[in-house]
Amino acid sequence: MNVNIDRDDAIEIGNFSEELEVTGEFEYNGDETSVSDFLNSEIEIPVEFLVNGNVTEQRDVTIDESPYEETFSLELNESTVPIENISIQTPGGNDVVKFDQDINIEFEEFDETVSSSEPFEATVSVENEGEVPELQNLTVSVADPDNVVSDATQTREFLLNASERTEETFSFELTDSASSGVELTANTSRVSKNVTANRSTFEASDLELAGASNPTSNVSMSGNITNVGDLTDTQIVQFVLGGETMVEEELTLEPSESETVTAEFEPPEESGEYTYGIATNNESLNASSAVERSATFEGSSSQGLLDRISPIQFVAAVLGLLALVGILFVYQNNQEEFNSRASAIVARAQQTVRGIIGGGDTVVVENGLSRDATVRLRVRNSDEVVFLEDLTLADGEQREFRCLPDSGEFEVGAGVDDIDSHAEVFQTKPNGVGVRLEPDGISITEQ
């Protein structure tokens, strides 16, 4: 007993909306007498219909003619797909039909440049190029979950008939610290595709550092940032010193737009040579989006008063104090003589103290307004800015800074909006510089 499946009927099973019908043709092989005897015997032959190797129906068939046709049916649903093969089996033989299964996926309408200020979208097409219906799970995921705010993996489920195609769009929100390359992977049960989108690149240039040679002032770092990409983007600019991020600043730039960024922070406690730089895209300092140099720091901002006092200066200060106490006892009944002697000793003590704590190296800033005020103070020589700080002073408040350079010519500037509008150049080092905020402007004078 041979059985053959009608191929034309079997191949047309690729639609979920239709019932699968498979026709088997049975034929008894033998001489004419044996065929006649078999057909007249009304013997029931056990026949099995199998899908993917599993028996879905079994029936006893009485063959009264040769060839003889018997039709089997199966209702298609999610539990029956994908259909890899069907077969009809008898005790004397069987016939099997195998079906092609082929799913193709592609990234459609994919922009290789992305911006963190807008949703990052990717459209993926899925096409069933096989012969049978498919129930597919399409998963699109971001390789590094830290690049997105949430939902780094998204999945869609759908049914596809043979030769049917669909498109699915996935949207992700990038974090401000997302890396310069964001990798996406699309997966189905049998195929995978990868693409990489690049963020707009922010490049740093014109790196400058001020205050490294002054242990008593803060450090000021500046640089120029340019968006060399094709989209508006927001990125984190990092100011790095000695491998440590000192300041982070969020910056949004249009394509080809540039902006100068500045950060101020305390210098390291230990003297020595430090690398410094500005990085964007949170890449390493060796990336093309960053610049770095090195600078030698001359001491610590935390240097105390006693660290700067020599033994001779210390003895002079103590002797001056003892002399003043002696006057108090010797001339306590002669007020005029006491005042004269005390004034001379106080002057000498002040001179000693100036030698100890800075004296002529000091800039005194005073708020002469009847309100709180904010002012930026800058000291620079011909080579670099040695001191730069924003100050908020209360009414009548006075603050001192030991920040004047040792070089002969230098400039002291102060301002609220335009620091260059109030700047004075000193050819030689004075005893000190006074900066006073007044109702009619800012005065900068030698003390």
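Which exposed residues does the face of α2 turned away from its buried side carry? I looked this up and found Thr33 and Asn40.

**Ground rules.** I worked on a predicted model, where local features need pLDDT of at least 70, side-chain atom pairs count only at pLDDT 80 or more, and totals for chains, interfaces and linings use all residues. Residues are numbered from 1 along each chain as its sequence is written, and side-chain values use heavy atoms, with hydrogens and water left out.

**Helix α2.** I took helices (H or I, at least four residues) and strands (E, at least two) as DSSP runs, numbered from the N terminus. Buried means under 20% relative accessible area, exposed over 50%, and partly exposed in between (1.4 Å probe, protein chains only). In α2, residues 32–41, I listed Val35, Phe38 and Leu39 as buried. These residues sit on the same side of α2 because they cover an arc of only 95° around the axis; the arc is that of the directions from the helix axis to the C-beta atoms. I then asked what they touch: the buried residues of α2 pack against β3 (44–51), with contact meaning heavy atoms within 4.5 Å. Just after α2, I noted a positive phi of about 55° at glutamate 42.

I followed β3 to β4 (residues 54–62); the two run antiparallel and are joined by eight bridges. Strands pair if DSSP finds at least two bridges between them. Valine 51 has asparagine 54 of β4 as its bridge partner. The hairpin has two residues between the strands, and asparagine 52 takes a positive phi near 55° there.

**Aromatic pairs.** I searched the whole structure and got six aromatic pairs. Rings of Phe, Tyr and Trp (its six-membered ring) pair if their centres lie within 6.5 Å; planes under 30 degrees apart count as stacked, over 60 as edge-to-face and the rest as tilted. Phenylalanine 110 and phenylalanine 120 are a tilted pair, with ring centres 6.2 Å apart and planes at 55°. Phenylalanine 120 also pairs with phenylalanine 172, again tilted, at 6.5 Å and 45°. Phenylalanine 120 lies in strand β10 and phenylalanine 172 in strand β13 (residues 165–172), so this pair ties together parts that are 52 residues apart in sequence. Both phenylalanine 120 and phenylalanine 172 are buried. I recorded the cluster that ring pairs make of Phe107, Phe110, Phe120 and Phe172.

**Serine 200.** I placed serine 200 in the loop between β15 (192–199) and β16 (202–210). Serine 200 is buried, at a relative accessible area of 1%. Leaving aside neighbours within four places in sequence, its contacts include Thr113, Asn227, Asp230 and Asn281.
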